[in-house]
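Reader: I would like to go through this model with you and ask how each label was reached. Could you show it to me?

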Amino acid sequence: TKKGAAMPEHPGFALCGALQTAGDALGAAFEDELTSLKVEFFTYLDTDLARRKEKQGLVHYDDLLLRMHQALRSRGGDALAIAVRSRFKAALIDEFQDTDPLQYAIFTRCFDGSCLFFIGDPKQAVYSFRGADVFTYARAAHSVEEAHKHTLIHNWRSDPGLIEAVNAVFSRAEYPFVFDWIRFDTAEPAPS
């Protein structure tokens, strides 16, 4: 309508409004039902997959982690942690940036008070598609005293020009990796 003019009235407008309201309610009901079906499906999958694997005698990597975690939390958990610690005097966890909360819980429980080394790159801990968990990395990093943290200065894999370019790009931002605790340390090309 023009400024100051009255809106036209027609029964069809009211029907269109009612249709839109009903459509919105139907869409919300479909979303609720879909969410319910997904929950039901994943619950079934969890129990049925475990049952099928047990029946076939299959154990996957995640099963090993879950079983170890459950065993450490069970009544004999303390004895298990002590047995692991006495068998392995030190643990070096390479590629720690790909560690998830379950693995971290296992490592810290088994090697509490022992030599436990985390070797990883916090800048790669943001890649959750690889199983990385940036907050697990943060928890681990914050649990280590600053005097015990070390950074590799020399890059042995890349061309000096590429190293210079990466240093230039990432040194420009105060927090190039969003979190203030993931700092960017410049690298130097390897001596040879």
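Author: Here are your questions on labels and cut-offs, each with a reply.

Author: A word on the basis: this is a predicted model, in which local features need pLDDT of at least 70 and side-chain atom pairs count only at pLDDT 80 or more, while totals for chains, interfaces and linings use all residues. Residues are numbered from 1 along each chain as its sequence is written, and side-chain values use heavy atoms, with hydrogens and water left out.

Reader: How do you know how many helices and strands the protein has?

Author: Helices (H or I, at least four residues) and strands (E, at least two) are DSSP runs, numbered from the N terminus. By that count the protein has 6 helices and 4 strands, and their order along the sequence is α-α-α-β-α-β-α-β-α-β.

Reader: What makes the protein more spread out than a compact globule?

Author: The radius of gyration is taken over C-alpha atoms, and the globule rule is 2.2 Å times the number of residues to the power 0.38. For 192 residues the rule gives 16 Å, and the protein comes to 27 Å, well over that, so it is more spread out than a compact globule. Along the principal axes, the C-alpha atoms fill a box of roughly 85 × 55 × 30 Å.

Reader: Why is Q103 called buried?

Author: Buried means under 20% relative accessible area, exposed over 50%, and partly exposed in between (1.4 Å probe, protein chains only). Q103 has 10% relative accessibility, so this residue counts as buried. In the protein as a whole, 19% of the 192 residues count as buried.

Reader: Where is Q103 found, and what is Q103 in contact with, leaving aside its neighbours within four places in sequence?

Author: Q103 sits in helix 4. Contact means heavy atoms within 4.5 Å, and with those neighbours set aside Q103 touches Y61, L65 and D98. Across the protein, 65% of the contacts with a separation of 6 or more are between residues 24 or more positions apart.

Reader: Why is A79 called exposed?

Author: A79 is at 52% relative accessibility, so A79 counts as exposed. A79 belongs to helix 3 (residues 77-87), and its C-alpha atom is 9.9 Å from that of C110, 31 residues apart along the chain.

Reader: What makes R139 partly exposed?

Author: The relative accessible area of R139 is 48%, so the label is partly exposed. R139 is part of helix 5 (residues 134-143). Between the C-alpha atoms of R139 and D180, 41 residues apart along the chain, the separation is 14 Å.

Reader: How do you know how many disulfides the structure holds?

Author: A disulfide is a pair of cysteine sulfur atoms within 2.5 Å, and the structure holds 0 of them. For C115, the nearest cysteine sulfur is that of C110, 15 Å away, and C115 is in no disulfide. C115 is partly exposed at 41% relative accessibility, whereas C16 is exposed, with 52%.

Reader: What makes the second largest pocket a pocket, and what is its volume?

Author: On a 1 Å grid over the protein atoms alone, a pocket is an open set of points where a 1.4 Å probe fits, with protein on both sides within 12 Å along at least five of seven lines; lining residues have an atom within 4 Å of a point. Grid points are joined across faces, edges and corners, and a volume is the space filled by probe spheres set on the points. The second largest pocket has a volume of about 360 Å³.

Reader: Which residues line the second largest pocket?

Author: Its lining includes F42, L45, D46, K53, L66 and R67. Helix 1 (11-56) and helix 2 (61-73) are the elements that give two or more residues to that lining, and helix 1 gives the most, with 7 residues.
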